[in-house]
Amino acid sequence: MAEGDPEPSPAIQFDHHRTFADFMSSTSKGCPLCKAVLGSSVFLEPYTDTGESSDNPCIDRSNLAKYQQDTESKIVCQFRSVAGNPCPTTVKWVIQSPTPELVGALDVWVQPDDPLASYFPSRPIPSDCLSEESLARLKSWLDKCMSEHRNCQFHESKLPTRVIDVGSPSTEPRLMLSYGKLGRWVALSHCWGGSIPIRTEQDSIERHKQSLPFSTLPPTFQDAILITRALGIPYIWIDSLCIIQDSPDDWLSESGLMHSVYRDAVLTIAAEAAASSNEGIRGSTSAGRSSTKAFPFSMTATANGGATRGKLHFNNLVPSTHAHDGGPLSTRAWTHQEYLLSRRMLRFAPHQTYWECSELKACEKDYTGLDIRSHWDIGLSQSFFGQPLTTENWKFVVNEYVWRAISYNSDRLIAISALARMFAESSEEGMGDYYAGIWSKNIHDNLLWETAIPGCTRLGGDIAPSWSWASVKLPPTEELKPYLDTSIMAVAVYDWIQTYDVSPKFKLANASINLESVNTFGMLEQGSFLQLSGRTFRTCSCKVPQAAMDYFDGFDENEDFEAQDEVPLADLECGAAPGSVDHKEFFLLCVAYQSWRDHWEPMTLQAACCLVLANNEDSDGQTRIGMVRVLIEGDFSVQGTLIPLAEEALANWEIQTLKIY
């Protein structure tokens, strides 16, 4: 929950049926409400009954007979409340038993002119997201934010290098050079979806400075310009028009400024539902809006002691209230930083439009923002998830970023470089130097990433050095789906090992970082290396578990996943002659020590967390190929014995200085 959000209060509820059997009887007799409830889609999410959340599953629809035998538990209709006030955008029907189970859920709304409108904040979702009424709602959100939100203060900033003057209904848009002047602009976040019919190139830039005929622009650009005009903002930034697309120098220069484009914009328009610029914002949301089924019945309800009477309407659940209403935009790598850097966002999702800023998260259905739950806090420049920017929070950014699709592997570091720059400039504790996705502050923790899914492949050194998570490519999307957790829209692609000792067990002797461009947080030239000096052990490839490798085929389903990247210290020796296919020479470089409890007993287990390195065929150094935890035996239950016993166990490891490319 974001700072300042109202605290959940006990749900408001009333009895609906004495037993589940009564409920089913009403359903079989044709009660439209009961039929809608039973047939509704229920998301498995925490349900609040006493102010404390606990996981309660949906009923087993394949075995409804067992519930009809329960003559004690009644069915209750439950409204969510916030800060003691009813906030009924969604109604849940629950079997009230010692282990409550969800029967169903529906969204509830009233018409704007209904007498109950002041009690029920939900409204019907408009069929057209760009109607006059809808545009007026967008403008009201922005005006309220600019005039009333103390945490959303805005000052005019230096315009991006190029912006589009949106013109007016009687004046065509045009590309404009800003020459560093101050101004207000909107940034567009969108999916290219292949070729864009009009782009700024070296031979068209002068023509675009004269005019960008509205009729020649793809539908998404047209819609974004109409929205910008309606908001009263003079300029918009669109990447394909404001960056010279056939100039590598201009592309590298402008990509290094992306952090200020989105951070300093008045707001970002996110064409969430559109898979390409040709779909348009309006067109891409129409299918989701029309799929939101409104049931052909209503209920009379009263409030204020019966003095106020009106009608409640119901429809099937809209994803906003229960799950991330995501579209193609949320699957793209570049848009991750565009979203997190934005101070305000209008997100045109498949089912409805969302407003998000530091103080309000609202949508068309719940325009006051009382009940909407967002998965992100906007304004990374101020904080991330309400916490200061740290190397730990950088790991969250990477874990969300890496599963997103990217058209060109060469963009993997550039597409997150704006976020890296923001961390470097805004972190209170300092992040240190940046080494292709890895920070020098707490470098031992940052180097200890490991792939957590099978099927990854290694990219070449021209994409990223092997010490970086960016050097590993995920499997195709279809193979990745089983590992996605759709409830939080993230995937545990990379785990970072939490180390016990706060100091690294190696020295960073040298960092040869050769940048490909002026973007400090962009790509490196091939041949960049980190030179690390520490305890090393020569071992054999047959002794390193498969799951410890950065790219492996699968897990042993009969073993604990967490244990499959471990090997006992005593098992590292191999008597076979090195050099054969099954007996390649590997180096283990100790990075840090890790300790943990076994079933909450005293600290008894410890490991040396080591990089697995192989000789680099093209240089005099090594390439990272994995991360392994070498288990160390001993009694670590006595305070202060952890590090000395580990040092003693690794005393015979050779101290070497290795170059990792």
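Is Phe521 buried or exposed? Phe521 is buried, as its relative accessible area is 9%; buried means under 20% relative accessible area, exposed over 50% and partly exposed in between, with a 1.4 Å probe and protein chains only.

Before the views, a word on the model. This is a predicted model, in which local features need pLDDT of at least 70 and side-chain atom pairs count only at pLDDT 80 or more, while totals for chains, interfaces and linings use all residues. Residues are numbered from 1 along each chain as its sequence is written, and side-chain values use heavy atoms, with hydrogens and water left out.

**View 1. The tilted pair of Trp439 and Phe521.** A search of the whole structure finds 16 aromatic pairs. Rings of Phe, Tyr and Trp (its six-membered ring) pair if their centres lie within 6.5 Å; planes under 30 degrees apart count as stacked, over 60 as edge-to-face and the rest as tilted. Here the centres are 6.3 Å apart and the planes stand at 50°, so Trp439 and Phe521 form a tilted pair. Trp439 is in strand 20 and Phe521 in the loop between strand 27 and strand 28, 82 residues apart. Trp439 is buried too, at 0% relative accessibility. Ring pairs also join Trp394, Phe423, Tyr434, Trp439 and Phe521 into a cluster.

**View 2. The edge-to-face pair of Tyr401 and Trp469.** With centres 6.2 Å apart and planes at 75°, these rings of Tyr401 and Trp469 meet edge-to-face. Tyr401 belongs to helix 12 and Trp469 to the loop between strand 22 and strand 23, so the pair ties together parts 68 residues apart in sequence. Helices (H or I, at least four residues) and strands (E, at least two) are DSSP runs, numbered from the N terminus. Both Tyr401 and Trp469 are buried.

View 3. Strands 13 and 16 run parallel, joined by three bridges, and Thr268 stands opposite Met345 in strand 16.

**View 4. Two charges over rings.** The charged end of Arg624 sits over the ring of Trp449, 3.5 Å from its centre. Likewise, the charged end of Lys659 sits over the ring of Phe529, 4.7 Å from its centre. The rule asks for NZ of Lys or CZ of Arg within 6 Å of the ring centre and within 35 degrees of the ring normal.

Terms used:
Pairing = 2+ DSSP bridges.
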